[in-house]
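I open my notebook with the model on the screen. I will look things up one at a time and write down what I find.

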Amino acid sequence: GRLLFAGVGVFGLAMIGFGLSEHFLLSLLCLYVSGLADMISVNVRQSLVQGNTPDEMRGRVMGIYGFTFGGFFPIGSLVAGTLAHAVSAPFAVIFGACVCAVAAFTVARSRYSA
């Protein structure tokens, strides 16, 4: 669980760095780190969902899992595109990354602060 939240948090922080970066190599480094962190969180998330689901329900659960993650990406893209058009693309990236990082750290802190 902690690795999942760490991956999402690092992803958010790396994307904040990407949104603030004005140097090409620094931008590449931030994208590299965000990609690694995203892959860690995706693999942990997939493992947790599949490992904690009974065999007879796994297909249904993965169908709903795929539908929710696949279905929400276009909605988030629409919101990010609208925000980028209204303000600026770097602001949209930074805003989305801040929401991601704050959500990860808030949930992790509430879950593991006992």
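This is a predicted model: local features need pLDDT of at least 70, side-chain atom pairs count only at pLDDT 80 or more; totals for chains, interfaces and linings use all residues.

Entry 1: I find Val33 in helix α2. Is Val33 buried or exposed, or something in between? I read a relative accessible area of 31% for Val33, so I note Val33 as partly exposed. Buried would need under 20%, and exposed would need over 50%.

Val33 belongs to a nonpolar patch with Val10, Leu26, Leu29, Tyr32 and Leu36. Together these residues have about 520 Å² of accessible area. Which helix gives the most to the patch? I write down helix α2, residues 24–51, with 5 residues.

**Entry 2: the whole chain.** I step back to see the overall layout. How many helices and strands does the protein chain have? I count 4 helices and 0 strands. Along the sequence I read the pattern α-α-α-α. The C-alpha atoms fill a box of roughly 50 × 30 × 25 Å along the principal axes. The protein chain has 114 residues, and 21% of them count as buried.

**Entry 3: Gly9.** Now I want a residue from that buried share. I pick Gly9, whose place is in helix α1. Gly9 has 0% relative accessibility, so I mark Gly9 as buried. I also look up a distance from Gly9 to Ala92. These two residues are 83 residues apart along the chain. Their C-alpha atoms are separated by 17 Å.

**Entry 4: Val93.** I move on to Val93, which lies in helix α4. At a relative accessible area of 26%, Val93 is partly exposed.

**Entry 5: one salt bridge.** Next I search for charged partners. Side chains of opposite charge can pair when their charged atoms come close. How many salt bridges are there? The count comes to 1. The side chains of Arg58 and Asp55 form it, at 2.9 Å from N to O. That distance is within the 4 Å cut-off, so the pair counts as a salt bridge.

I look up how open each partner is. Arg58 is partly exposed, with a relative accessible area of 27%. Asp55 counts as exposed, at 62% relative accessibility.

**Entry 6: the largest pocket.** Last, I look for empty space. Rolling a probe the size of a water molecule over the atoms shows where empty space is left. The largest pocket holds about 940 Å³ of space. I find 23 residues lining the largest pocket. Closest to its centre are Phe11, Phe73, Gly76, Gly96 and Cys100. Two or more lining residues come from each of α1 (2–20), α2, α3 (58–86) and α4 (89–112).

Which element gives the largest share of this lining? I note α3, with 9 residues. I sort the lining by class as well. I get 16 nonpolar, 5 polar and 2 charged residues.

Terms used
Residues are numbered from 1 along each chain as its sequence is written. Side-chain values use heavy atoms; hydrogens and water are left out. Buried means under 20% relative accessible area, exposed over 50%, partly exposed in between (1.4 Å probe, protein chains only). Patches are made of residues with over 30% relative accessible area and no salt bridge: like charges are joined within 9 Å, nonpolar side chains (Val, Leu, Ile, Met, Phe, Trp, Tyr) within 5 Å. Accessible areas come from the Shrake-Rupley method with a 1.4 Å probe; for residues, only the protein chains shown count as cover. On a 1 Å grid over the protein atoms alone, a cavity is a set of points where a 1.4 Å probe fits but cannot get out, and a pocket is an open set with protein on both sides within 12 Å along at least five of seven lines; lining residues have an atom within 4 Å of a point. Grid points are joined across faces, edges and corners, and a volume is the space filled by probe spheres set on the points. Ala, Val, Leu, Ile, Met, Phe, Trp, Tyr, Cys and Pro count as nonpolar, Asp, Glu, Lys and Arg as charged, and the others, Gly among them, as polar.
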